[in-house]
Amino acid sequence: MSDNAPDLDAAYGLKTPEDSKRLYAAWAKTYDADFAARMDYCLPERVVAAFVARGPSGPILDIGAGTGLVGAHLAALGLGPVDGVDISAEMLDVAEARGVYQRLFLGDMTARLDVANGAYGAVVSSGTFTTGHVGPEALDEVLRVAATGAQIAISVSEAHWQAAGFAATFDRLAGQIGDLELKRVRIYGEKAEGAHKDDAGFVALFVKG
Ligand SMILES: C[S@@+](CC[C@H](N)C(=O)[O-])C[C@H]1O[C@@H](n2cnc3c(N)ncnc32)[C@H](O)[C@@H]1O
């Protein structure tokens, strides 16, 4: 990792949406090479595989799209159209350059997105519901923008799942969702090194009822 580049510990130490904007503005240009490649970051591909197995149909919203790794995997499978939302303009600039998103727009998942109720036929998110980023309270907004019957796949890091009370939130939402399945996945691949190399998460797969 290059000198002064943001790292995982900095990312997990975030506390507010403003912290996220600052960190990801500094990280955007080196995220793919210094983080995703070097850590063998497999989560986007694993989330997309679990999502696709449920048979989603578009339009798809990628929440916390970042540099567009999820969009790239969806495009490789011929799925779309895909829109992406993120709090960081700099991350979205990198995603835009991939040319795989129909629309990219700024939005804060801890607030209300500029999206009509039920606009999306499917929703996916990788790496955004994690420590210091977005908590379970944002699931109400996920459900608002999803159409009835939409397939939804949201990754939640294991530590965040416990600490932020995702289980209780899914219990609260039980009447609004169906077919909930939790799939445990490792976030990094075999080439990862360092203290986080064995980190895992859940992909929560469910349907908006
Ligand atoms: C670890 S990155 C994951 C990016 C991409 N999905 C991936 O898997 O590579 C987390 C992303 O969440 C975004 N983010 C953080 N807080 C957010 C919020 N409140 N609303 C929307 N996006 C947010 C960050 O800007 C960043 O792009």
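Mentor: Happy to! First a term: on a 1 Å grid over the protein atoms alone, a cavity is a set of points where a 1.4 Å probe fits but cannot get out. A molecule sits in a cavity if more than half of its atoms lie within 2 Å of its grid points. Also, this is a predicted model, where local features need pLDDT of at least 70, side-chain atom pairs count only at pLDDT 80 or more, and totals for chains, interfaces and linings use all residues. Residues are numbered from 1 along each chain as its sequence is written, and side-chain values use heavy atoms, with hydrogens and water left out.

Trainee: Okay, so what is the largest cavity here?

Mentor: The largest cavity is the space taken by the ligand. In the shell around the ligand, α2 and β4 are the elements that give two or more residues. Helices (H or I, at least four residues) and strands (E, at least two) are DSSP runs, numbered from the N terminus.

Trainee: Which residues come nearest to the ligand?

Mentor: Y41, G64, D86, D108 and S126, out of the 22 residues around the ligand. Being near takes a heavy atom within 4 Å of the molecule.

Trainee: And what does the backbone of S126 do?

Mentor: A backbone N or O atom of S126 is 2.7 Å from a ligand nitrogen. A polar backbone atom of M109 lies 2.9 Å from a nitrogen of the ligand, and for I87 a backbone N or O atom is 3.3 Å from a ligand nitrogen. A polar contact is a pair of N or O atoms within 3.5 Å; within protein, one must be able to donate a hydrogen and the other to accept it, and residues adjacent in sequence count only if both atoms are side-chain atoms.

Trainee: How much of the ligand's accessible area does the protein cover?

Mentor: 97% of the 590 Å² that the ligand has on its own. Those areas come from the Shrake-Rupley method with a 1.4 Å probe; for residues, only the protein chains shown count as cover.

Trainee: Changing topic: is R144 buried or exposed?

Mentor: Buried, with a relative accessible area of 13%. The cut-offs are under 20% for buried, over 50% for exposed and partly exposed in between (1.4 Å probe, protein chains only). R144 is in helix α6, residues 139-145.

Trainee: Which side chains does the R144 side chain make polar contacts with?

Mentor: One is the side chain of N117, at 2.7 Å, and another is that of E141, at 2.8 Å.

Trainee: What else does E141 touch, beyond its neighbours within four places in sequence?

Mentor: M109, A111, R112 and L113 are in contact with E141, where contact means heavy atoms within 4.5 Å.

Trainee: Now the backbone. Where are the cis peptide bonds?

Mentor: One joins G58 and P59, with omega about 0°; P59 is in the loop between α3 and β1. Another runs from G80 to P81, with omega near -5°, and P81 lies in the loop between α4 and β2.

Trainee: What about D40 and its phi?

Mentor: Phi of D40 is near 55°, a positive value in a residue other than glycine. D40 sits in the loop between α2 and α3 and counts as buried at 15%. D179 also has phi near 55°, but D179 is in strand β6 and is exposed, at 58%.

How values were computed. On a 1 Å grid over the protein atoms alone, a cavity is a set of points where a 1.4 Å probe fits but cannot get out, and a pocket is an open set with protein on both sides within 12 Å along at least five of seven lines; lining residues have an atom within 4 Å of a point.
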